[in-house]
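Keep the model open and follow along.

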Amino acid sequence: MTALITRVDAWEALDSRGNPTVACAVEVAGGQGQAVVPSGASTGAHEAVELRDGGDRYGGKGVLGAVANVQTVLAEAVTGIDADDQHAVDEALRAADPTPGFGQVGANAVLAVSLAACLAAADAERVPLYRWLAAGSAGATPLLPLPMVNILSGGAHAGGAIDVQDFLVVPVGADSFAQAVEWAWRVRRAAADLMDAAGHGTALVADEGGLAAPFASNRAALELLTQAIERSGLAPGSDAAVAIDVAATQLVDGDRYALASEGRSLGADEWVAELADWCARFPIVSIEDPLGEDDWTGWATATKALGHVQVLGDDLFVTNTERLARGVEEGIANAVLVKPNQTGTVSGARRVVDLAQRSGYATVLSARSGETEDAWLADMAVGWRTGQIKVGSVMRSERTAKWNRLLRIEAELDRAGGSDYAGRGALEPAIRLGAPGAP
Ligand code: 2PG
Ligand code: MG
């Protein structure tokens, strides 16, 4: 079948932080798709360009320019193209703006069209999006991802309450996605109880729905999360483990890393030694962005010292094949965070997943701190078999939209004969790769 693009429309919408963002609808022969793009706060310098208007409107964050670019140059570029061929759609978008990171028209404009076209193609084929996305790889069957769920927030998502940005629970011992969500919920509730008992407020939540408090130290937050796992009746490490996103680009202070909440500043080696000590004391299975986005030397040291756990590159790789290829070549990190808006097209994100999977790097598909009510990210994780997903907390509708979609997919597949859940196995490639003595 063909699904020729007949109409492209765009408008300015709001994301979960209340900032303007680009929304787009694409009509094809026999179907339609609509998408709203997310936006980060702890963004990497090497991400594709987010075009904002400046001026007074919405404090300079308006996206009417990006919307106009969709309505004119991008609509013209893709009209008449077969949306069944995502590569052709994304090539046309690229031809309309060949600058790096879509600097002219804005990657926010480009991603809105790329996603809406993908959704329209699936709609025209009358298949769920995850099946449509899986169809791109020979023999790929849907795989429910292991979730990483935000419990405590700091950094740019919580007014700097603490330095490390995300403290997450990973229900590694759960047998299904639904059980993993219930376990994460239990840990979240236990963490709130412990924080209430310690006199920290829990009514207000951070950008991704995480709890936030001015803990005495980053270690104190790790201690609380580990206690919350125990208090939930789960075994720390085997049932539920811990992941952190340091988002260390935000901590860079010259050639040092500043822990403002602890009043300390550490050199890269000292900082990596501290992280290794955390790994020895707490059931940590994954560390994202332990070093800054351009500190390749520090990253090499970190991979050697911490490579027995998942070492995950977000601001380092920015969903960019060239940067990931350099990481693979130099043995830096062992996993990649994939955020479609860091690269601008569905195909661009897919290429990064493919390169990672070919290279033995684990993949974690991720939402942004500024999210939308869309759920396509859930289908992408299942269809592309990313194995892991990070969406934020188990509350706030922009987060639950993704969890709820995954719960529905699992239930549907179970009714149809059985679902496949990545579970504990999702973390194993990274752990094997990084194990001392591994090739
Ligand atoms: C991250 C994301 C999501 P942001 O750093 O991984 O937690 O945050 O969207 O602000 O970059
Ligand atoms: Mg990150």
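Start where Leu14 stands opposite Pro20 in β2. This contact belongs to an antiparallel pairing of strand β1 (residues 5-14) with strand β2 (residues 20-28), which runs over nine bridges. Strands pair here if DSSP finds at least two bridges between them. Helices (H or I, at least four residues) and strands (E, at least two) are DSSP runs, numbered from the N terminus. β1 and β2 form a hairpin with five residues between them. In the turn, Gly18 has a positive phi of about 85 degrees.

A word on conventions. This is a predicted model, in which local features need pLDDT of at least 70, side-chain atom pairs count only at pLDDT 80 or more, and totals for chains, interfaces and linings use all residues. Residues are numbered from 1 along each chain as its sequence is written, chains are lettered from A and ligands numbered from 1 in the order in which they are written, and side-chain values use heavy atoms, with hydrogens and water left out.

Asp245 lies in strand β6 (residues 241-245) and Asp314 in the loop between β11 (310-313) and α9 (321-330), so the pair ties together parts that are 69 residues apart in sequence. Asp245 is buried at 1% relative accessible area, and Asp314 is buried at 2%. Buried means under 20%, exposed over 50%, partly exposed in between (1.4 Å probe, protein chains only).

Next, the rings. The whole structure holds two aromatic pairs. Phe177 and Trp403 have ring centres 6.2 Å apart and planes at 40 degrees, so this pair is tilted. Rings of Phe, Tyr and Trp (its six-membered ring) pair if their centres lie within 6.5 Å; planes under 30 degrees apart count as stacked, over 60 as edge-to-face and the rest as tilted. Phe177 sits in helix α5 (residues 177-197) and Trp403 in helix α13 (residues 397-415), 226 residues apart. The other pair, Trp271 and Trp278, has centres 5.6 Å apart and planes at 90 degrees, so it is edge-to-face. Trp271 is buried, at 0%.
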